[in-house]
Amino acid sequence: MLLLKGELAVAIYKGLGASEGLAIGNSFHYNVVEPDVSQRFVKDFGLEIKRFHDALESAEVEITALMNTIQKNLGEHEAEIFAAHLLILEDTELINPIIDLIKEQKVNAEYAVHTVATSIIMMFNQMDDEYLTERALDIYDVKRRILMHLTGDALVDLTAIHEPTVIIAHDLTPSDTATLNPQYIKAIITEVGGKTSHTAIIAKSLGIPAIVSIENALQVIPHQATLIIDGTGGTCIVNPSSSQIEETEMLIEQGLEEKQLEKQFLHLQTKTADGHHVELAANIASPQEANLAHEKGAEGIGLFRTEFLYMGTEQLPTEEEQFESYKKVIESMGDRPVVVRTFDIGGDKELPYLKFPYERNPFLGYRAIRISLDRPDIFTVQLRALLRASVYGNLHIMFPMIATVEELRQAKQHIIEEKIKLQNEGYRVADQLSIGMMIEIPSVALIADMLVKEVDFFSIGTNDLIQYTLAADRMNDKVSYLYQPFHPAILRLIKQVIDATKDTDVWVGVCGEMGSDPVAAALLVGLGIDELSMSPSSILKTRKFLSHFTLQQLQKIAQNSLSFGSSEEIIEFVHSSLKLTRTRDM
């Protein structure tokens, strides 16, 4: 979009806000130069294999050093990305085909590495799944590092930048992002990526604003132009006016002050202005992330995604491996709740050791609880590990993708049976188990009054609930305009679930991205939500925001919002009502 202000042309480009914050800097085009990988035939393939192994060893040394630095400076969660890179260096699915290609076709190591790795990357990129897209980027990162050692070329050194700069790239690998210095790298823009990409994760940890998915950013945004970046709203302003720069500088200063104020809420419970408690929990995907949840003041774990145990390996995780992971997280949280979701793997998340049938629409197909009930040999191993870990803290077991009462009852029956077996084998299991389910499919929201008799809690997965209700794939840019958390249908489904728990002991939480938005969180609390689970980095901001309003004020805003007929009307009403209410109270 192009706006004219006097003699100055101001271009504004919109993407996805991946790491919040405002920044000002000069654009820098980061164009990755690929090393020479032309095919050459060799006489001594043994020498090429040795060159390949030497490059692997050199890459391992570099990645280990980088991982240790990241762990020291940013934390275990971010370092896990590079631990995955070390596993790729040992992955026989990658290494053996490279060696075979060198032997059989007597080609140079560079060509073999490029050919095999690229085919794997293409396979992952063809799958409509954000996790697998990130795995493709990991393999690309490792491939590039190996090739650099084989060719003798050097990686572009972004640490040499010593002025306020906004990096613009097609994409950034974890290695690229991890070496950025926040003192000089003020923001990041990429042409691809999502809110949960590795770039977003590391940028958030570094405190660098980031925007992803600005189409053709390297072509439309000039090199060495002055930019204003809004990493929260996903907006880039090219050649801003002096007044825009001054206003942004003022907002950046206010943002720093806000961050300091948020720290005052670190060790407090989340309460509205009149003392109503709302539990703010963290979404995590590995045991290491439990530490980050602690650091950010989480009151529990509202969603522990267990898929990491099944992905990136060559075989199913054992009962003992799972038990140790669950125990670590549950013990670390003490008496605070830990909601563990049973594995949510499906046709869109292929596992090399499990051959799922091809599906045209995997999001509506063979996944999550449907696989669990169909493959009790896999499901019961996970349940046994969870039940054994239940004695170490406050465990809640949650089933994903439930569509019918029958599915829920079958899943619960497996728990009963495995508990009896474990006790007969001499294992301890918690006397009382909290069992819940995710509300992701409209069908179960509509029969919540029946399901409430079967569970101890509901957790609303707004990401899937939105896409299933509005028939809009949340990974498809062409229909992204339909992905509307504030749509009247979504709010009414949520309210229907909450109403179904009235006069019961069943609590209702939200574990989708919607809960990470403080404004949406305030609306959800007004509707009657008891718990919000979100990215750890969103907890303090949301806690502070909710403290400005009474429960009665939020209830009134939420009730009135249900009368509007469009997402736009609701957003405008809620934002203006919260702003007006907060202003009156100041």
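Phe 564 is partly exposed because its relative accessible area is 26%, while Phe 573 counts as buried at 19%. Here buried means under 20% relative accessible area, exposed means over 50%, and partly exposed is in between (1.4 Å probe, protein chains only). The ring centres of Phe 564 and Phe 573 sit 5.0 Å apart with the planes at 40 degrees, so this pair is tilted. As for the cut-offs, rings of Phe, Tyr and Trp (its six-membered ring) pair if their centres lie within 6.5 Å; planes under 30 degrees apart are stacked, over 60 edge-to-face, and the rest tilted.

## What you're looking at

This is a predicted model, where local features need pLDDT of at least 70, side-chain atom pairs count only at pLDDT 80 or more, and totals for chains, interfaces and linings use all residues. Residues are numbered from 1 along each chain as its sequence is written, and side-chain values use heavy atoms, with hydrogens and water left out.

The protein chain has 22 helices and 17 strands; these are DSSP runs numbered from the N terminus, helices being H or I with at least four residues and strands E with at least two. The radius of gyration (over C-alpha atoms) is 25 Å, close to the 25 Å from the globule rule for 586 residues, so the chain is as compact as a globular protein of that length. That rule is 2.2 Å times the number of residues to the power 0.38. Buried residues account for 53% of the 586, and the C-alpha atoms fill a box of roughly 80 × 75 × 40 Å along the principal axes.

## The barrel

Eight strands close into a barrel, running E10-E11-E12-E13-E14-E15-E16-E17 with parallel pairing. The twist averages 25 degrees from one strand to the next. Strands E10 (residues 279-284) and E17 (residues 531-534) pair in the parallel sense over 4 bridges; strands count as paired if DSSP finds at least two bridges between them. Within that pairing, Glu 279 has Glu 531 in E17 as its bridge partner.

Helix H11 (residues 319-332) packs on the sheet and touches E10, E11 (301-305), E12 (337-341) and E13 (394-399). Its direction makes about 165 degrees with that of E11. Axes are lines fitted to C-alpha atoms, for helices over the stretch in contact, and angles run from 0 to 180 degrees between N-to-C directions.

## Loops around the barrel

The structure holds 7 aromatic pairs. One of them, Tyr 310 with Phe 343, is tilted, at 5.0 Å centre to centre and 45 degrees between the planes. Tyr 310 is in the loop between E11 and H11 and Phe 343 in the loop between E12 and H12, so the pair ties together parts 33 residues apart in sequence. Both residues are buried.

Ala 368 lies in the loop between E12 and helix H12 (369-374). Its phi is near 50 degrees, a positive value in a residue other than glycine, and Ala 368 is buried at 0% relative accessible area.

In helix H20 (residues 539-546), 7 of the 8 residues are buried, so the helix is largely enclosed by the rest of the structure. Among those buried are Ile 539, Arg 543, Lys 544 and Leu 546.

Thr 272, in the loop between helix H9 (242-262) and E10, is buried too, at 6% relative accessibility. Leaving aside neighbours within four places in sequence, Thr 272 is in contact (heavy atoms within 4.5 Å) with residues including Leu 546, Phe 549 and Leu 554.
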